[in-house]
Amino acid sequence: MTTTTTTTTTVLDASGVTMRFGGLTAVRSVDLTVGSGEIVGLIGPNGAGKTTFFNCLTGLYIPTEGTVTYKGTVLPPKPHLVTQAGIARTFQNIRLFANMTVLENVLVGRHTRTKEGLWSALLRLPGFKKAEEESRDRAMELLEFTGLAAKADHLARNLPYGEQRKLEIARALASEPGLLLLDEPTAGMNPQETRATEELVFAIRDKGIAVLVIEHDIRFIMNLCDRVAVLVQGEKLVEGPAEVVQADERVIAAYLGTPFEGAPGKEELAEVEAAEAEAHSTTEGDAK
Ligand SMILES: Nc1ncnc2c1ncn2[C@@H]1O[C@H](COP(=O)(O)OP(=O)(O)O)[C@@H](O)[C@H]1O
Ligand SMILES: [Mg+2]
């Protein structure tokens, strides 16, 4: 474990963020902070405004009202400048360069951090050899970190779905962010892949990167997050520690609905986990 002091500094501070599209207010006066060393979750039903809120944080949208600061500085209203400032993201719908290799996709993610830029990385212009080598080393390190190193030369489009999601994370990390925003990172994943993603997010946090994650999978969020905020119809309904939010009646009514009555307790969870572990150990041979 890290030996950080107990004082958390605010990495992200979104204050009174409102986003209107014509007559529709998709996000209404939302305040949210993320501190260093934190994993914060953002949940809410479909259409609640989660992705729109992310887009306001990353310069894709300019909020109608409100301010967003990163480490005390107001963010510039352009995605590449936000990335340069230190915020990286993944997308709800995977956005990879399908016909580039896995390694090339990560190299693209590095271009905001190398003054030589994107084209030298891709075209391998002469005179940039050293920077290129450093970039490749770093990109390979990130592929090892995310478990994709063996597939560095595969085309992104040939990766199974779960690995494409991982690659998006590796690419986001390539910009050396201080804050990582993940938009539904486990969408479409099986329980094993979800579990692996959980481990990956913990490992990212342990590297000193703060994480803000949107998710539908309630169990994933509750396991993972130090703090959870709930968006409903564009407004922040509740915010607090995972256990508190999970037990809040308003959240149960607005978000979880009736299925929550059947939600697994500790014993059932243990059973499911044991079954998953067993399934994992019996399929491990094929996976390698
Ligand atoms: N670019 C846009 N133009 C108009 N309406 C939008 C746009 N983006 C999102 N919305 C609307 O804003 C609301 C919130 O959407 P979204 O942020 O995608 O929700 P979530 O990610 O929580 O499912 C929805 O009603 C959606 O239709
Ligand atoms: Mg969304």
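User: How many helices and strands are there in the chain?

Analyst: The chain has 11 helices and 10 strands, where helices (H or I, at least four residues) and strands (E, at least two) are DSSP runs numbered from the N terminus. This is a predicted model, in which local features need pLDDT of at least 70, side-chain atom pairs count only at pLDDT 80 or more, and totals for chains, interfaces and linings use all residues. Residues are numbered from 1 along each chain as its sequence is written, while chains are lettered from A and ligands numbered from 1 in the order in which they are written.

User: Which residues of α7 are called buried?

Analyst: They are Thr194, Thr197, Val201 and Ile204. A residue is buried if 20 or more other C-beta atoms, placed from the backbone, lie within 10 Å of its own, exposed if 12 or fewer, and partly exposed in between. The buried residues of α7 fall within an arc of 75° seen down its axis, so they line one face of the helix; the arc is that of the directions from the helix axis to the C-beta atoms.

User: What covers the buried residues of α7?

Analyst: The cover includes β3 (39–43), β7 (179–183), β8 (210–214) and α8 (218–224), with contact meaning C-beta atoms within 7 Å.

User: What makes β1 and β2 a pair?

Analyst: Two strands pair if DSSP finds at least two bridges between them. Strand β1 (residues 10–21) is joined to β2 by 8 bridges, and the two run antiparallel, so they meet the definition. Ala14 stands opposite Leu32 in β2. In their hairpin, which has 2 residues between the strands, Gly22 takes a positive phi near 55°.

User: Which helix gives the most to the shell around ligand 1?

Analyst: That is α1, with 3 residues. A residue is near a molecule if its C-beta atom, placed from the backbone, lies within 6 Å of it. Among the residues around ligand 1 are Phe21, Leu24, Lys50, Thr51 and Thr52.

Notes
Two residues are in contact if their C-beta atoms, placed from the backbone, lie within 7 Å.
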